[in-house]
Amino acid sequence: MSHPSAPAGASLTCSALSFQWPDGTTLFDGLTLSFGRGRTGLVGANGTGKSTLLRLLAGELRPSRGSVSVGGGLAHLPQNITLDTTLRVDQALGIGERRAALRAIESGDVDERHFEAVGDDWDVEERALATLGSLGLGGVGLDRTVGEMSGGETVLLRLAALLLERPDVLLLDEPTNNLDLFARRRLYEAVESWRSGVLVVVSHDRDLLERVDRIAELRSGSVSWYGGGWSAYEETLAAQAETAGRALRAAEADVRRQKRELEETRTKVARRQRHSKKMDAQRRAPRIVAGEKKRSAQESADKLRGVQEDRLDEARERREEAAEAVRHDAEIRVNLPHTAVPAGRTVLRLNELRPRFGTLRTGTLQLHGPERVALLGRNGAGKTTLLRTLTGELAPLSGQAETFVPLRFLPQRLDVLDDGLSVAENVSRAAPGVTDNHIRSQLARFLFKGARAEQPAGTLSGGERFRAALAATMLAAPAPQLLMLDEPTNNLDVASVRQLTSALESYEGALLIAGHDLPFLQSVGITRWLLLGEEITESSADEIHGLLEASEPG
């Protein structure tokens, strides 16, 4: 998809930007940064303020202090998009009035109002159809209603509307959330072909972030810049971590050396003072002379000790600075031996299952032992419906689903938690009979240590809430030997995705994941790939990639 060249003035800058929430919490304090032309990926942990920053840049929130300067027109695609389902597609694209005016002119109506509505945009319909086609919506007619489109299609439709505005600055907030694999590819292509000025995309999607020119990491209220896409960013972080680790080890060694030298100095001073006192007693020096010598020796000893103590303080400061430079992205390491399933054991059998919604018929399908299965398909194919049918939450129209091992399901909306209960109480509720000490020791490995396990679930941040829901699911009793996850990486920052991956490395049972995040699925060792259509078909990772490439615009 090509875009017209942006004016030279396309720019986006914030100066001394400060922002506080109504409760007084400060998110930004004097933040100054400028986004250059090209594609920038904005990353950072959940809660650091990425979406808030985009809203400030878009003018949807007002800063406490400071200013935002935009060169050219700006468009913003927020995370949560709601479109009136009764709108026609052309109305959602913002071209309904111009299209109607064109139709009137073509039919011979020369009213001046129609020409004013069209302006210079005589090819608006052709541009709209071309933009829809480039995003994989070529089959969507302009007279169709939004209500006939899937959730993923409405995200792409909203993006198409923004692109038709020909913005000089485009802000995208987690645009691949809830998009299926095919829709994601269309969005990747749109980002790759961006040539219109400034593009800023907030995302945790590693495939999308590979397609940007630079990474801006928001951390503790400030931004650090890294050239290249996601892989280059990770390589730089790894090199920085190695350097910071070496510096910290050297600083710790210096602290130990300075402590040792200080102790040696104190020992020497004490020995010298004892020797001097003994010699003075033997010589019977006049009291005034002995006093002067004592003061001089004391001053010399104090000075020596002071020098060593200063060196030790300096070494400690260097150690603290080095420690601050080391990242502490903790990982989940949990012991789950009771989740193990023998390789030959059948854990799930489907027989001509027809879920309540959609057109899927499963035929006969079995999962065995510790298989790791990915469930893929277009939006609306019925992945979530199938998972909820397997849990017994939805009754099928026909057929059977049998599970032969303890099953646990972690849904997208994380509704396994009771917001009024603490993290520990939520896990205890899912694991009756398990001792409180055992629960707390395991929760510590999910990064809920001490008082953090007492936090009410309703007060947790997004990443914390996910970890608490994951803990309640994986630590349940009896231990789950079939674990089902529905779009688990949606709305997770990259650190949380790493934590999920490390937790699943400890899991020894069968795994069934519905998702669209291919890098994540490959990182957890998927052994079978199932593609949902009107039936379930076996595939492979290479075949999935082939299907995606075949779906890309020519």
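1. Accessible surface. The chain exposes about 26,600 Å² of accessible surface, and carbon and sulfur atoms contribute 48% of it. Accessible areas are from the Shrake-Rupley method with a 1.4 Å probe, and for residues only the protein chains shown count as cover. The model is a predicted one, in which local features need pLDDT of at least 70 and side-chain atom pairs count only at pLDDT 80 or more, while totals for chains, interfaces and linings use all residues. Residues are numbered from 1 along each chain as its sequence is written, and side-chain values use heavy atoms, with hydrogens and water left out.

2. Burial. Of the 554 residues of the chain, 47% are classed as buried. The classes are buried under 20% relative accessible area, exposed over 50%, and partly exposed in between (1.4 Å probe, protein chains only).

3. Secondary structure and overall form. The chain contains 17 helices and 18 strands; these are DSSP runs numbered from the N terminus, helices being H or I of at least four residues and strands E of at least two. The chain is more spread out than a compact globule, because its radius of gyration is 32 Å, well over the 24 Å that the globule rule gives for 554 residues. That radius is taken over C-alpha atoms, and the rule is 2.2 Å times the number of residues to the power 0.38. The C-alpha trace spans about 125 × 65 × 45 Å along its principal axes.

4. Contacts. Among contacts in the chain with a separation of 6 or more, 72% are between residues 24 or more positions apart. A contact means heavy atoms within 4.5 Å.

5. Residue S506. This residue lies in helix α15 (residues 494-506). S506 is buried, at 15% relative accessibility. Leaving aside residues up to four places away in sequence, S506 touches V334 and L336.

6. The chain carries 70 positive and 77 negative charges, and their mean positions are 13 Å apart. Lys and Arg count as positive and Asp and Glu as negative, with His and the chain ends not counted. Each charge is placed at NZ of Lys, CZ of Arg, CG of Asp or CD of Glu.

7. Salt bridges. The structure holds 26 salt bridges, each defined as a side-chain nitrogen of Lys or Arg within 4 Å of a carboxyl oxygen of Asp or Glu. R88, D90, R99, R103, E106, E125 and D143 are linked in a network of such bridges.

8. Pairs within a helix. D254 and R257 form a salt bridge with an N to O distance of 2.8 Å. The two residues, D254 and R257, are three residues apart in helix α9 (residues 230-283), a separation of about one helical turn. D254 is buried at 13% relative accessibility, whereas R257 is partly exposed at 35%. In helix α13 (residues 436-445), D436 and R440 are four residues apart, again about one helical turn. Their side chains meet in a salt bridge of 2.9 Å, N to O. D436 is partly exposed, at 44% relative accessible area, and R440 is partly exposed at 28%.

9. A salt bridge joins E371 to R528, with the closest N and O atoms 3.1 Å apart. E371 lies in the loop between β11 (364-368) and β12 (372-377) and R528 in strand β17 (residues 528-532), so the pair ties together parts that are 157 residues apart in sequence. E371 is buried at 18% relative accessibility, and R528 is buried at 13%.
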